[in-house]
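Take a look at the structure first.

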Amino acid sequence: MDIGIIGAGKVGCSVGKYLKERGCPIAGYVSKTKKSVDSAATFTGTKAFGSLEELAAASGIIFITTPDDVIPSVWKCLAGQSIQGKIICHFSGSLSSAVFSDMEKTGASGCSIHPMYAFSSKFTSHEKLNQALFTIEGQEKALAVIKPLLEQAGNRVCILSPEKKIRYHAAASMVSNMMIGLYQLGLEMFLDCGFDTETAKAFIKPLVQGNLEAVLETSPEQALTGPIERNDNNTVKRHLMELTEREREIYVNLGKILVEIASRKNPDRDYAAIKKTLGNGGKNEEYSSDISTGEGEGR
């Protein structure tokens, strides 16, 4: 079943090139501009279709790799074509196959596909796509074709419940995108301490790399270090006294999670005092006499 791809951006180009190199028959592309279609077709060695109707007629499987907000309108156009027996798949982390409204009336079957992967380039992202895990959800007829297709390309594929699609995507966004926000916040705080950007990054780099490698190779419990893990409540109080309101809110919310991890790592330690400190954001505490002495060691 030849695969036609609607959308010639980073995802469309990368997926098309990746599957073509692994022997999957890619029919070609259609997109909103001729320039992008021609570029994608040339890059993948496939056809630049002149219309959606032409692509649909030539394809047994249709991938929709447009931005999420365009998928419903693309589906509306496709549903008006003769697509009986075809498999329609969209590539979205947040939308489920439910976006294909009234699909049963068309005789087609559908699913959503999401590669857990950051597509940074139209022309190079395919090179490491073999490392990505894919999630799929949708109608059984579509899953029965798409799952083995992706597995034969060399990827691990997990079937996801459609009801969990948004939560799944939120989790991916948090561990991928929001850590960049945390990095930016920390960088700004180092700059506020008087360091230049280059020096601040030099401080951050070994911390980020070391912790990321440790947590990926072991577990959150084994990787966790720092004042919360050590049960150093006075240091946590001093931190909270120094932070801005926005910084304090982030520190407290993440700190509560770290206490849970620390409690699992050190079941013999009583973290009640730190829980209380974080519970009120460090405000209205009766600080011990040594809070300003800088006691506490390590990072």
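Predicted model: local features only at pLDDT ≥ 70, side-chain atom pairs only at ≥ 80, totals over all residues.

Residues are numbered from 1 along each chain as its sequence is written, and side-chain values use heavy atoms, with hydrogens and water left out.

- Strand E1 spans residues 3-6; strands (E, at least two residues) and helices (H or I, at least four) are DSSP runs, numbered from the N terminus.
- Ile3 and Ile5 point one way from E1, while Gly4 and Ile6 point the other way.
- All four of these residues, Ile3, Gly4, Ile5 and Ile6, are buried (under 20% relative accessible area, 1.4 Å probe, protein chains only).
- E1 runs parallel to strand E2 (residues 26-30), joined by 4 bridges; two strands pair if DSSP finds at least two bridges between them.
- E1 also runs parallel to strand E4 (residues 61-64), again with 4 bridges.
- Ile5 stands opposite Tyr29 in E2 and opposite Phe63 in E4.

**Helices H10 and H12**

- Helix H10 (residues 233-242) packs against helix H12 (residues 272-279) at about 10 degrees, with the axes 9 Å apart; axes are lines fitted to C-alpha atoms over the stretch in contact, and angles run from 0 to 180 degrees between N-to-C directions.
- H10 is therefore roughly parallel to H12 (angles under 35 degrees).
- H10 contributes Asn233, Val236, Lys237 and Leu240 to the contact, and H12 contributes Ala273, Ile274, Thr277 and Leu278 (heavy atoms within 4.5 Å).

Note on methods:
Parallel < 35°, antiparallel > 145°, perpendicular 65-115°, else oblique. Buried < 20%, exposed > 50% of the residue type's maximum accessible area, 1.4 Å probe, protein only.
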